[in-house]
Amino acid sequence: MNRTTSLVLAAMLGAALPAAAQVTLNGAGATFPNIIYQNWMLSYNQAHPDVKLNYQSIGSGGGIRQFSDGTVDFGGTDAPMTDSAIAAINGNVLHIPTVLGAVVVAYNLPDVTQPVKLTPDVIADIFLGKVTKWNDARIASVNAGVTLPNQDIIVVHRSDGSGTSFVFTDYLSKVSPDWAQKVGKGASLNWPVGLGGRGNEGVSATVRQTPGAIGYTELGYAMINKMPFATIQNQAGKWIAPSLESVTAAAAGAMKDMGQNTDFRVSITNAQGAQAYPISSFTWLLIHKTYDDSAKGRALVQFVWWAENDGQGKATELGYAPLPKEFRALIQNRLKSIMSGGRAVWKGPSAE
Amino acid sequence: MTSLPNLPIEGIPSGRPSTETRWQSLLGADRSDRIYRRILTGFALALPALILTLFGVLLVNALPALKRFGPAFLWTSTWDPVAEVYGAAPMIFGTMVSSFLALLLAVPLALSVAILLTEFAPRWLRQPVAFLVELLAAIPSVVYGTWGIFVLIPFLRAHVVPPLKAVFGWTPFLQGVFYGNSLLAGAIILAIMIVPYIAAVSREVLLAVPTSQREAALAMGATRWEAVRSAVLPYGRAGLMGAVILGLGRALGETMAVTMVIGNRHDIGVSVLQPAYTMAAAIANEFSEATTSMYLSALFEVGLILFVLTVIVNAIARILIWRVARGTAVGSRAL
């Protein structure tokens, strides 16, 4: 080895030394929060160059699987893990909500200009194939002044497994006993009627191309694409148009039922609150209760706490509804409980 | 060369100087040759090993579903991930029917292109048209799917299905309301996608038919068309069949474009206006969000069925070609 090479090597080693404290955190899961997660991770890394975060949007199911297998440090999901899935990893998981999403009911009625109003039971019966015409008396009775066409309703749903489907059918299961019994809730389902579109883009493309179609997509997606979507009657009997504010209101309404020791695996569809949009949902990060590597555990918790505070400010511009501020104390308690080697990895924001 | 150098060569018993062993020992005489041979053998064996591993992985992962549902998986049609009841009949049906419909549409088209380009078109037209047809194969399937949603389906809805229904509406194949996403749309997209494969291979096959065949037919007083029909096509039939099977193989496995237009519905219906599903589409759609192990296993079993189906189709094709190709038909060796 000549002198130059060894000098270069020494320089490289020297440069690598501070990087010994570098922490890399890998995560995978839901596609819905991907945009804001990438944004957060980039910003966080700029402020904390020693922490490198990766997130792959492979879908909630894949996220839960990889998290459970231990191939990633944290997961992301739009549908909470089931009790049996949690038992399978000996309960070593915390669900931490990050932002909120909502599902809108989009439709294609070229001659109707005002937003169509739909009651929960009518939505369920449309997707069950029981209400088949747009001018059905049950739709017309709540849409006074709107001329609804005598047209077949063409149902469009997701064909790929999706957290969006989970949230939507979780809602339908709550508002329609018939739906709960015949179809149930899930990321993939045995749909009684309709066409399957792949992804939000597949559903919205099919809805737009098919007069008389009705489908459901994520709120952010529908807003960007300016699709007409329905105003829905919430639990309080109010007609609520989907918006970031009405989604945050749903989380605030649902919090009243949650209690101090909630594990956050709470569905906030059909939430109470006068301004609550009823088809809203958390998206969660999956974090272990104990980490073998305390540096990793601490870095992850610090990042999550940053996301719950500074990160929330970015939500609205990126099309996500921020969590109500009241959640922060609850989340802080949960994060403080994360252990490594019998000791808490993080003592709270004041200890930093 | 009367005496052979007694080299210890793997797998070749020394001291038996037949032509073959002498040839092989000469090949193996050099060390670099031997290394080269081993590397090649390794690469060549890696491919069959890969296929077997693939089969093994599919089988192992599908075992829970195989045990739970048994052979009924093949003929039941409920696909309910919530209740964990799975049956693949609609997907198997959809895969087969969409692929065969696609062949039905694509083969006449592709053969016409190939015959035109080799027998009838003026020379200046041949290369450009061949190039454009083959260019179809270079378009990503998601582009086909998008084109299907935004161009093909509205066109079908406005200009194709109404006249079709007016004339053939009484048949069971055109019953029901046409929503757009349907078996018909899926089959047409598939047909367009496999035309370039069938056309390109057919063209090569027809080009390889000796000119003497054509001349002989023409000398007998045949017209151009009669010469093609009686001398050229029969001569290349094995190769042409190979081209068709290549197209079929592609159609069976196509995923993205099909799932975008076929409607993704777990249903069996005789009407081509109804939505359907294919196995490849279902796997692509549902795999990433399959949370329970039984669900995952059922999807693996679908993959296994698709794998076996493809093997069977290829085996049948191989047998057909061997049957037809007895003799010296063009292309039989290559296939």
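Leaving out residues up to four places away in sequence, B:I194 touches B:A102, B:A106, B:G247, B:R250 and B:A251, where two residues are in contact if their C-beta atoms, placed from the backbone, lie within 7 Å. The model is a predicted one, in which local features need pLDDT of at least 70 and side-chain atom pairs count only at pLDDT 80 or more, while totals for chains, interfaces and linings use all residues. Residues are numbered from 1 along each chain as its sequence is written, and chains are lettered from A and ligands numbered from 1 in the order in which they are written.

Together with A:V105, A:V304, B:I189 and B:I198, B:I194 has the most contacts inside the largest nonpolar core, which has 184 residues. Such a core is a set of buried Ala, Val, Leu, Ile, Met, Phe, Trp, Tyr and Cys residues joined through C-beta atoms within 7 Å. A residue is buried if 20 or more other C-beta atoms lie within 10 Å of its own, exposed if 12 or fewer, and partly exposed in between, with C-beta atoms placed from the backbone. Helix α6 of chain B (residues 183-207) gives the most to this core, with 19 residues; helices (H or I, at least four residues) and strands (E, at least two) are DSSP runs, numbered from the N terminus.

Chain A comes next. Chain A has 13 helices and 13 strands, and its C-alpha atoms fill a box of roughly 85 × 50 × 35 Å along the principal axes. Of its 352 residues, 50% count as buried. Among contacts in chain A between residues at least 6 apart in sequence, 71% join residues at least 24 apart. Where pLDDT is low, the predicted coordinates should not be read in detail.

Two residues of chain A can be picked out. A:P120 is found in helix α5 (residues 120-128) of chain A and counts as buried because it has 20 C-beta neighbours inside 10 Å. Beyond its neighbours within four places in sequence, A:P120 is in contact with A:V175, A:I232, A:Q233 and A:P278. A:Y291, by comparison, is 171 residues from A:P120 in sequence and 43 Å away in space, C-alpha to C-alpha. A:K226 lies in the loop between α10 (219-224) and β9 (231-233) of chain A. A:K226 is not a glycine, yet has a positive phi of about 50°; with 7 other C-beta atoms within 10 Å, A:K226 is exposed.

Chain B is built from twelve helices and two strands, and from the N terminus on its elements run α-α-β-β-α-α-α-α-α-α-α-α-α-α. Buried residues make up 37% of its 335 residues. Among contacts in chain B between residues at least 6 apart in sequence, 74% join residues at least 24 apart. B:N264, in the loop between α10 and α11 of chain B, has a positive phi near 50° although it is a residue other than glycine. B:N264 counts as buried, because 31 C-beta neighbours lie inside 10 Å.

Within chain B, the axes of helix α7 (residues 211-219) and helix α8 (residues 224-235) come within 9 Å and cross at roughly 145°. These axes are lines fitted to C-alpha atoms, for helices over the stretch in contact, and angles run from 0 to 180 degrees between N-to-C directions. The contact is made by B:Q213, B:R214, B:A216, B:A217 and B:L218 of α7(B) and by B:E226, B:A227, B:S230, B:A231, B:V232 and B:Y235 of α8(B). B:L233 is also found in helix α8 of chain B and is partly exposed, with 17 other C-beta atoms within 10 Å.

Finally, the two chains meet through 25 residues from chain B and 28 residues from chain A. On the side of chain B that touches chain A, β1 (79-80), α5 (141-168), α10 (256-261) and α11 (279-286) of chain B each supply at least two residues. The largest share, four residues, comes from α5(B).
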